[in-house]
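Please keep the sequence and the structure in view while reading.

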Amino acid sequence: MKKRQVVLKSGRSSSSVNRNVRYGECQKNHATNIGGYAVDGCREFMASGTEGTTGALTCAACGCHRNFHKKEVQTEVVCEYTPPNS
């Protein structure tokens with residue numbers, strides 16, 4: 001799972017956006033070459049290596065690239081506001 005934080009500042013208000021990216025079940029069609037449709041049932045992406053290596057893009061359970069897994073993005077926006085002095 002990869003976390004990113006972006007902070008935007010404008011005047012007296014600031015907001016931060018937290019995005020959590022999770023890769024779910026594998027959607028690769030393993031029977032394409034015989035004209036069928038079959039998925040392997042891999043329920044969740046598990047990296048076979050550490051972050052920053054090529055193994056981080058390969059699933060340890062099914063051997064597929066991370067792009068074949070369903071990408072789920074959770075976004076949280078936190079806003080802080082300071083009223084101007086009157």
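The confidence of the predictor in each residue is given by pLDDT, a score that runs from 0 to 100. The model shown here is a predicted one, in which local features need a pLDDT of at least 70 and side-chain atom pairs count only at pLDDT 80 or more, whereas totals for chains, interfaces and linings use all residues. Residues are numbered from 1 along each chain as its sequence is written, and side-chain values use heavy atoms, with hydrogens and water left out.

Averaged over the chain, pLDDT comes to 79, and 83% of the residues reach at least 70. Where pLDDT is low, the predicted coordinates should not be read in detail. Among the elements of the chain, the lowest mean pLDDT, 54, belongs to strand β1 (residues 2-10), while β3 has the highest, 84.

**Overall arrangement**

Helices (H or I, at least four residues) and strands (E, at least two) are taken as DSSP runs and numbered from the N terminus. By this rule the chain has three strands and zero helices, and its pattern along the sequence is β-β-β. A residue is called buried under 20% relative accessible area, exposed over 50%, and partly exposed in between, with a 1.4 Å probe and protein chains only. Of the 86 residues of the chain, 21% are buried. Two residues are in contact if they have heavy atoms within 4.5 Å. Among the contacts in the chain with a separation of 6 or more, 44% are between residues 24 or more positions apart.

**The buried part**

A nonpolar core is a set of buried Ala, Val, Leu, Ile, Met, Phe, Trp, Tyr and Cys residues joined through side-chain atoms within 4.5 Å. The largest such core has eight residues, namely Val21, Tyr23, Cys26, Cys42, Phe45, Cys59, Cys62 and Cys64. For cysteine 59, with neighbours within four places in sequence left aside, the contacts are Cys42, Glu44, Phe45, Met46, Cys64 and His69.

Histidine 69 lies in strand β3 and is buried, with a relative accessible area of 4%. Apart from neighbours within four places in sequence, histidine 69 is in contact with several residues, including Tyr23, Cys42, Phe45, Cys59, Cys62 and Cys64.

**Rings**

Rings of Phe, Tyr and Trp (its six-membered ring) form a pair if their centres lie within 6.5 Å, and the pair is stacked if the planes are under 30 degrees apart, edge-to-face if over 60, and tilted otherwise. One aromatic pair is counted in this way. The ring centres of tyrosine 23 and phenylalanine 45 are 6.0 Å apart and the planes stand at 65°, so this pair is edge-to-face. Because tyrosine 23 lies in strand β2 (residues 13-26) and phenylalanine 45 in the loop between β2 and β3 (69-81), the pair ties together parts that are 22 residues apart in sequence. Both tyrosine 23 and phenylalanine 45 are buried.

A charge sits over a ring if NZ of Lys or CZ of Arg is within 6 Å of the ring centre and within 35 degrees of the ring normal. Lysine 28 is placed in this way over the face of phenylalanine 68, at 5.1 Å from the ring centre.

**Charged pairs**

Side chains of opposite charge can pair when their charged atoms come close. A salt bridge is a side-chain nitrogen of Lys or Arg within 4 Å of a carboxyl oxygen of Asp or Glu, and a search of the whole structure finds two.

| Salt bridge | N to O distance |
|---|---|
| Arginine 22 and glutamate 44 | 3.8 Å |
| Arginine 22 and glutamate 72 | 2.4 Å |

Arginine 22 lies in strand β2 and glutamate 72 in strand β3, so their pair ties together parts that are 50 residues apart in sequence. Arginine 22 is partly exposed at 32% relative accessible area, as is glutamate 44 at 39%, and glutamate 72 is partly exposed at 27%.

Lysine 70, found in strand β3, is partly exposed at 36% relative accessibility. Lysine 70 touches Arg22, Tyr23, Gly24, Glu25 and Gln27, not counting residues up to four places away in sequence.
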